[in-house]
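Please look over the sequence and the structure shown here before reading on. The report below is meant for someone meeting this chain for the first time.

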Amino acid sequence: KHQLRGLERLLSKHQDDTARKQELEAQIEALRRQTKQRDEVAQQRDNAKRSHGRRFMERQKLVRMERTTRKLLRSKKLQPEKRERYQNDLYKIALDQVYVAHFPHDMRYMPLFRNNTRLVDGRRYLNKRAQIRAQILSTMDKTRKDTNWISQSQYGLVPSTWSFDQEKDTFGMLGKKPKNEKTENSDSRFSLSATQEKLLETAIDVEAELDKEESINVAADKNTTAGSGSPDRPRALPSVKGN
């Protein structure tokens, strides 16, 4: 950024020199692109780091859900309506596995679970989640080989396109149940252990603290920039009188 400001100052001094002006403008444009790309990579790395704990817990939960559901489907005495229900569960698990594994890092992660329960979104969040899922599914063929915890059979269950109506019919919306849904949203078969739940809560708390610290740092930077440039003097601590 210092280099960019230097080039901009230099450009202001060569307004009459057309050749030099064009050369400086080209350098400034190239430097701006490099700065933007560097900032985007840093933001993606930060988002990935912040969401790692939450995504790991959701990954573990979804793997356990898939294992349990496939075990139920192998039962020879399974009634047709239950088989259909478990196959639908497997389809939803596959969609959520792909969501967790390939969530784009250029935005803040939107979790799927809270307190052992699959979240049911309102219209605004449901629309945003549907857009993210559509983006993931449209580029999945390029990234599916990078994930070793999702089987090819699970990848084979998900479509290549997605819409808001599909999101609503599959996972439901606040005030509306998912299409053909016959069970409660919470299923004790897939509950996290007390230790795992505590780890997830800790990860959420840490993420909240990081967000708070980041906000404080941004505010401090703005105050420093707005000042005269001299370092801020530390505030005097209030005296504490004894009893």
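The model is a predicted one, and its chain holds eight helices and two strands, which follow one another along the sequence in the pattern α-α-α-β-β-α-α-α-α-α. Of the 243 residues in the chain, 32% count as buried, while the accessible surface comes to about 17000 Å², with 50% of that area belonging to carbon and sulfur atoms. Among the contacts with a separation of 6 or more, 71% are accounted for by residues 24 or more positions apart.

The largest nonpolar core has 26 residues, of which L62, V98, Y99, V100, L112, L137 and V158 touch the most other members. The elements that give two or more residues to this core are α2, α3 (80-101) and α4 (123-138), and α3 gives the most, with seven residues.

Two residues, L137 from the core list and E66 from helix α2 (residues 18-73), can be set side by side through their contacts, leaving aside neighbours within four places in sequence.

| Residue | Residues in contact |
|---|---|
| L137 | L95, V98, V158, P159, S160, T161 and W162 |
| E66 | L90, I93, Q97, S151 and Q154 |

Is E66 buried or exposed? The relative accessibility of E66 is 11%, and because buried means under 20% relative accessible area, E66 counts as buried.

Notes. Residues numbered from 1 in each chain as written. Predicted model: local features only at pLDDT ≥ 70, side-chain atom pairs only at ≥ 80, totals over all residues. Heavy atoms only, no water. Helix = DSSP H or I, 4+ residues; strand = E, 2+ residues; numbered from the N terminus. Buried < 20%, exposed > 50% of the residue type's maximum accessible area, 1.4 Å probe, protein only. Contact = heavy atoms within 4.5 Å. Core = buried A, V, L, I, M, F, W, Y, C linked by side-chain atoms within 4.5 Å. Areas by Shrake-Rupley, 256 points an atom, 1.4 Å probe, with all protein chains shown as cover.
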